[in-house]
Amino acid sequence: MIQKINSLEEYQAAYQKSVAQPEAFWADQAESFTWRKKWDNVLEWNFREPSIKWFQGGKLNITENCLDRHLNERGDETALIWEANDPEEHFRKFTYRELYTKVCQFANVLKNNGAKKGDRICIYMPMVPELAIAVLACARIGAIHSVVFGGFSAQSIADRIQDAQCSMVITSDGGYRGTKEIQLKSVIDDALVQCPSVKRVIVLTRSRTPVSMIKGRDVWWEDEIKKVETLGMTECAAEEMDAEDMLFILYTSGSTGKPKGVVHTCGGYMVYSAYTFQNVFQYNPGEVHFCTADIGWITGHSYIVYGPLLSGATSLMFEGIPTWPDAGRFWDIVDKYKVNILYTAPTAIRSLMSFGLDPLKGKELSSLTKLGSVGEPINEEAWHWYDEHIGKKQCPITDTWWQTETGGIMIAPIAGITPTKPGYATLPLPGIQPILVDENGKEVQGNGVSGNLCIKFPWPGMLRTTYGDHERCRLNYFSTYENLYFTGDGCLRDEDGYYRITGRVDDVLNVSGHRIGTAEVENAINMYSDVIESAVVGYPHAVKGQGIYAFVICTPHLNDEELTRKDILMTVSRIIGPIAKPDKIQFVSGLPKTRSGKIMRRILRKIAEGDVSNLGDTSTLLDPQVVEEIKSGALLSV
Ligand code: WT7
C-alpha cells in the first residue's frame, strides 16, 4: 500500500524522509504496485538537458494496476459512475470487472484497426464512459493517447494531430453540454482535411446526429465491438511497457507559439497520481469521488481516470455543466450518489454563488466529507462560501496547486490534516521541493517573502519532454533558472511558511481555469482579414477569474465596429475554440511600443484593469500619445 499520512506529524516525517532519501521514499511507494519487473534504478536526473528517469528498467502496464489487480479483491465494486447531461437519462455504473471487460474489448478493437504500441491516438469525445474506456484501452496496448478537449476547434485539433502524427482518432457523432449539442464528428472531418497521418476514425454513437462516414477511414465503435464479440475476444493481454515509455501527451498553452505536447511516462505518473490522490483527498475505501473536470484536461486524467482507478476508488464522471437544468445540478448529483469527495474549480464555485442560496434548498449534502479546489487561485469569498454552504463547516477544503506539466498535485493541504488558510495552497507534498527566486534567479530565503515559484528536485509525475521538440521543453521550463524547473507562477510564502500562488508571471492567461496563451489569441485575431495587429492581456473577471481583453488595430476602412467585433469573435472560435473568445475588444489606432518595437503589455494590463492613475514610466515609448488615446477609449468593467 501507498504510505498514508494520518497526522501532521506523519506528514512532517514523510516530508523529511522524501527530501533526505528521495529514492528510498519513492521506491517504498512504488513497491505497492504490480510490476512485471522491478526497476534497476529509482532515479537518474539532470535538469540541464533535462533528462529525468524514474524507475528505469521497470516493466509494467498501468491498466493492470488500474483494473486487473483489483479484480480479486474488489471486482464487484463500482469503479465508475456516469451521470448524463440530461437528468432524465439513466445513469450508468461499471464495476471493476465490467470496466476491465470493456477496456479489453475496446483494446482489441484498437488492435483490429491496426493500432500498436507507440502509435499516437487522438481522442476527441464528450464526457461519456467510453472516453475513459478509450483512454485505458490505448494504455492497455501501449498506444500513446492525446486527449483533446471537446471544446477545441477543428484547427486546434489538426495542429495537435499533426504535431503528434496521430494515426487514429476516436470520437463520437455528437455530445451534449447543457442545452447545446456539439457536433464532434463534423469538427473532426474538418480537422482531418489537413491530417494525412490519420488512417482510421472510430466513431461512438452518442447523439445520433447525422454524420458523414468516410469509406475506408471511418468505422462505428459499436460495429467494431460486435466484431470482437463474435470472435470471442474478451481478454486483451496488456502490453509490457518500460517505466519511461510514453503514456500520454496532453497539449497545453505556453507564452509563445502553438500549444506544446506535454509528455508523461508510465511508471512515474502511475506512482505520483495514485500517491497524491490517496493522500491529498485522504481517500478511504468505499468513498465516492466526484471530480467535475473534463477528461480533456490533466485534472480529469489524474483525478477522474488514473488516480482513482489505481486506488480502487469509485470515480464519478459527469457529462453536463453545473448550471443546467439549474444551478443545483452538482448538489443533486452529490445527493443522488452520496458523493464523499467533491473536487471542483473556483470558477464553478463563483458561478454557482451568483445564483444565491435558492439552488441549495432541499439539498442534503450530508455525504460530503472533503472538498477540493483546483485550476486557479481561489478568492476568499469563494473559499468561505464553499466552506459554509457546501461543506457546512464540516469538510476540510484542499486548495490544490499543480499544472499539466506536474502530472499531479504539488502544493496542497492534506485534507483534514494540514491546517488551512483561505487562499493558500499551504504546504508542499512529500517529494516536492519548492523554492522562490527573484528576477536574477537568486533564491529568496526565509518566510514572509515572494518570488517566482520553481522546483529544485524531480518528482515522479513531472513531464519528461514536449513531444517532438525536447529543446522547447528545456527552453520553457529549465533554462530560465539554472538547475530549476520554472513553473511560470508567482508565489508568496507567508510567515508560517505557507504558500500562496499569486498567478502567472508569463503571458499565459487562466480563463475559467482554462490555460490560454496571449500569443495564441493574438495570432487568431490577426487571422481576420481587417486586422492589422493586436495585443491581448488578462484582466480580473468576477466569475472567470481572468477575462480576455484585446486591443486591436484594424484597416482604416473599418466602418461597422459591432459587426467587426462579432467577426473577430467568430474567427477566434474557429481558430482556437469558444473558450478563447475575448470578453472585450477595443479598437485602437496604435499600440504602446518601445523604440525596439516591443509591446509594453504592462501598460495595457493596467488599462484593462481600469487602473490608469499610475502607468509607470512611459518615457521609453515610441509614441506616448497612443497611451492617452487607448486610456480614453478603454472599455471599463461591466
Ligand atoms: C496553472 C496550471 C492542474 C490543475 C489544472 C490547471 C494555475 C492551478 C491552482 C491553484 C492557484 C492555480 C497556475 C498553474 N493553478 N491550480 N490551486 N491556485 N493557481 O492546469 O491548465 O496546466 O494550468 O493553473 O497558474 O500554473 P493547467
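This is a predicted model: local features need pLDDT of at least 70, side-chain atom pairs count only at pLDDT 80 or more; totals for chains, interfaces and linings use all residues.
Colleague: Happy to have a look with you! How do you know that the count of disulfides comes to zero?

Modeller: A disulfide needs two cysteine sulfur atoms within 2.5 Å, and by this rule the count is zero. Take Cys-166: its nearest cysteine sulfur belongs to Cys-122 and is 5.3 Å away, so Cys-166 is in no disulfide under the 2.5 Å cut-off.

Colleague: And what makes Cys-266 too far for a bond?

Modeller: The closest cysteine sulfur to that of Cys-266 sits in Cys-66, at 11 Å. The cut-off is 2.5 Å, so this distance is too far for a bond.

Colleague: Why is Cys-166 called buried?

Modeller: The label goes to residues under 20% relative accessible area. Cys-166 has 0%, so it counts as buried. Cys-266 has 2%, and therefore is buried as well.

Colleague: Good, now a threonine. Why is Thr-101 called partly exposed?

Modeller: Its relative accessible area is 30%. Thr-101 belongs to helix H5, which spans residues 96–112.

Colleague: How far apart are Thr-101 and Thr-234 in sequence and in space?

Modeller: They are separated by 133 residues along the sequence, yet their C-alpha atoms are 6.4 Å apart.

Colleague: Let's turn to the strands. How do you know that S1 and S2 pair?

Modeller: Pairing takes at least two bridges between the strands. S1 (residues 41–46) and S2 (residues 51–56) have five, in the antiparallel sense, so they qualify as a pair. One of the bridges links Trp-45 to Ile-52 in S2, and a hairpin of four residues joins S1 to S2.

Colleague: What does the lining of the second largest pocket look like by class?

Modeller: It has six nonpolar, six polar and five charged residues. In total 17 residues line this pocket, and Met-1, Arg-74, Gln-278, Ser-311 and Gly-312 lie nearest its centre. Met counts as nonpolar and Arg as charged, while Gly is among the polar ones. The volume of this pocket is about 380 Å³.

Colleague: Last one! Which residues does the UniProt domain annotation cover?

Modeller: An unreviewed UniProt entry gives "domain: AMP-dependent synthetase/ligase" for residues 68–458. Over that stretch the model is 31% helix and 22% strand, with the end C-alpha atoms 30 Å apart.

Key
Residues are numbered from 1 along each chain as its sequence is written. Side-chain values use heavy atoms; hydrogens and water are left out. On a 1 Å grid over the protein atoms alone, a cavity is a set of points where a 1.4 Å probe fits but cannot get out, and a pocket is an open set with protein on both sides within 12 Å along at least five of seven lines; lining residues have an atom within 4 Å of a point. Grid points are joined across faces, edges and corners, and a volume is the space filled by probe spheres set on the points. Buried means under 20% relative accessible area, exposed over 50%, partly exposed in between (1.4 Å probe, protein chains only). UniProt positions are given in the numbering used here, feature names are shortened, and annotations may be inferred rather than shown by experiment. Helices (H or I, at least four residues) and strands (E, at least two) are DSSP runs, numbered from the N terminus.
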